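Look through the structure below with this report beside it.

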Amino acid sequence: MTVKTRFAPSPTGYLHIGGVRTALFSWLYARRHKGSFILRIEDTDRQRSTEQSVQIILDGMRWLGLDADEGPYFQTQRFARYREVIDQLLEQGDAYYCYCSRDELDAMREAQRAKGEKPRYDGRCRHRSAPAAGVRPVVRFRNPEHGTVVINDLVKGRVVVANEQLDDLIIARSDGTPTYNLTVVVDDLDMGVSHVIRGDDHLNNTPRQINLLRALGAEPPVYAHAPMILGADGSRLSKRHGAVNVLDYRDQGYLPEALLNYLVRLGWSHGDQEIFSIAEMIEYFDPADINKSDSTFNPEKLLWLNQQHLKALPPQELARRARPFFEAAGIDLEDGPPLQAVVEAQREKAATLKQLAEYSTWLYRNALVYPDAVINKHFTAAARDALAVLADRFDKLEHWEPEALHATVRQTVAELGVKFGQLAMPLRMAITAGSPSPSIDLTLFLAGRERVLQRIRRVIDIIDNNA
């Protein structure tokens, strides 16, 4: 069997974590089996679908590297095909017109509730032969009245649903537009989808879709329904839990491979391994290993994983990816040390590319703002004379290299008879204003002689003025 999977989002909002995980699982399965991955935009909800949402989906998939082999297909461009299938089902007797008004349906459901029954359409128009005057009917699928639907789900296992539990779903609205359950079936059939991997909130639709497929003379694809992603409080994942537009993670400086690594582990595992490359995800992913229980979204774990991937990037690649964040922070990269040297020195401190830029602005600013807490704690009279000695020695230092700088600080500490931290901390604060920074010798080296001297002398002035 040639494996063909699909991701079929609706462009009615942003592309969020749950949708990305579905796309990832489908993409990985296709890539592992050297099959095809389809991107399909389910935009039949004309009132809620927007071009902006479509672009967010396309941009998000591109940033994540989840490249499609086919598509994007748009359902609004396939209305003629859906009408053809609806007509076919009507002609076969597998669909019928329903003339029930909203009031009639509401009364029917109210009566069912009063009897303690589950509200459902009772099929009262199944055998109707004459149309109702002045009523624009919907079209309903004539679901089998007897037997069962068996789903051999790759995650859930064997699921059996009695047809008596299924009512006759609407497949075309009164204005003629097709509904979700009809369009998804036709698309999967026409596009040769072999495996459908999606959230288990779709499991209730699956028996109906299987019956529709069989009415069209087709065998259903293999299904895998992944459990939901929940917030830390156990409720459905929402914006307050981190289910924001996936492009927000891009803008915050997360790496796409780190986000994918986190999502693949959110409900799936391969032994105790935590960190995966894209190649490893493709090699190991199997829907049969998806957990049967819901997963919990943990922003801290995502941040940790992002830091691990960030630290593993080659310096040249890290600098390339970090550059836009440095530029967005208003940093003039020509007025400071080489970017590659900076990111290599600072990568241990930062968890995101944006953080990496924010933590490094002190290397490019000509004037720093010293917080009161730094001034009061570190810029003391006791530190003044030591900083003055250091400034003089730094000014005369022949080679501005980390080893020479380290030796100079050590020598000064020894001669003054103070502890290393008593000199190194005021010095570090003078150079960085409290921003995260590497070892003191590397901090001095990257800042450069001119900035180091300028900042030490400014701190001495601050101490003198506060005396």
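A polar contact is a pair of N or O atoms within 3.5 Å; within protein, one must be able to donate a hydrogen and the other to accept it, and residues adjacent in sequence count only if both atoms are side-chain atoms. By this rule, the backbone nitrogen of Gln 355 lies 3.0 Å from a polar atom of the side chain of Thr 352.

The model is predicted: local features need pLDDT of at least 70, side-chain atom pairs count only at pLDDT 80 or more, and totals for chains, interfaces and linings use all residues. Residues are numbered from 1 along each chain as its sequence is written, and side-chain values use heavy atoms, with hydrogens and water left out.

Thr 352 sits in the loop between helix H12 (339-346) and helix H13 (353-358). Helices (H or I, at least four residues) and strands (E, at least two) are DSSP runs, numbered from the N terminus. Thr 352 is buried, at a relative accessible area of 6%. Buried means under 20% relative accessible area, exposed over 50%, and partly exposed in between (1.4 Å probe, protein chains only). Not counting residues up to four places away in sequence, Thr 352 touches Gln 252, Gly 253, Tyr 254, Leu 303, Asn 306 and Leu 310, where contact means heavy atoms within 4.5 Å.

Next come the sheets. An open sheet of three strands has the order E1-E2-E3, with parallel pairing; two strands pair if DSSP finds at least two bridges between them. Strand E1 (4-7) and E3 stand at the edges, each with a single partner strand, so one side of each has no neighbour in the sheet. From one strand to the next, the twist averages 25 degrees. Angles run from 0 to 180 degrees between N-to-C directions, and axes are lines fitted to C-alpha atoms, for helices over the stretch in contact. Helix H1 (residues 17-32) packs on this sheet and touches E1 and E2, its direction making about 165 degrees with that of E1.

Another open sheet has three strands in the order E4-E5-E8, and its pairing is antiparallel. Here strand E4 (95-98) and strand E8 (170-172) are the edge strands, each pairing on one side only. The twist averages 45 degrees from one strand to the next. Helix H3 (residues 79-92) lies across E4, E5 and E8, at about 95 degrees to E4.

| Pair | Sense | Bridges |
|---|---|---|
| E1 and E2 | parallel | four bridges |
| E2 and E3 | parallel | three bridges |
| E4 and E5 | antiparallel | four bridges |

A nonpolar core is a set of buried Ala, Val, Leu, Ile, Met, Phe, Trp, Tyr and Cys residues joined through side-chain atoms within 4.5 Å. The largest has 55 residues, and those with the most contacts inside it are Phe 326, Phe 379, Phe 394, Leu 427, Leu 444 and Ile 456. Helix H19 (residues 449-466) gives the most to this core, with seven residues. A second, separate core of 49 residues includes Ile 17, Ala 226, Val 246 and Trp 268.

Some backbone angles remain. Most residues other than glycine have a negative phi, and most peptide bonds are trans. Lys 34 has a positive phi near 55 degrees and is exposed, at 77% relative accessibility. For Ala 433, phi is positive at about 60 degrees, but this residue is buried, with a relative accessible area of 14%. The peptide bond from Gly 71 to Pro 72 is cis, with omega near 10 degrees, and Pro 72 is found in strand E3.
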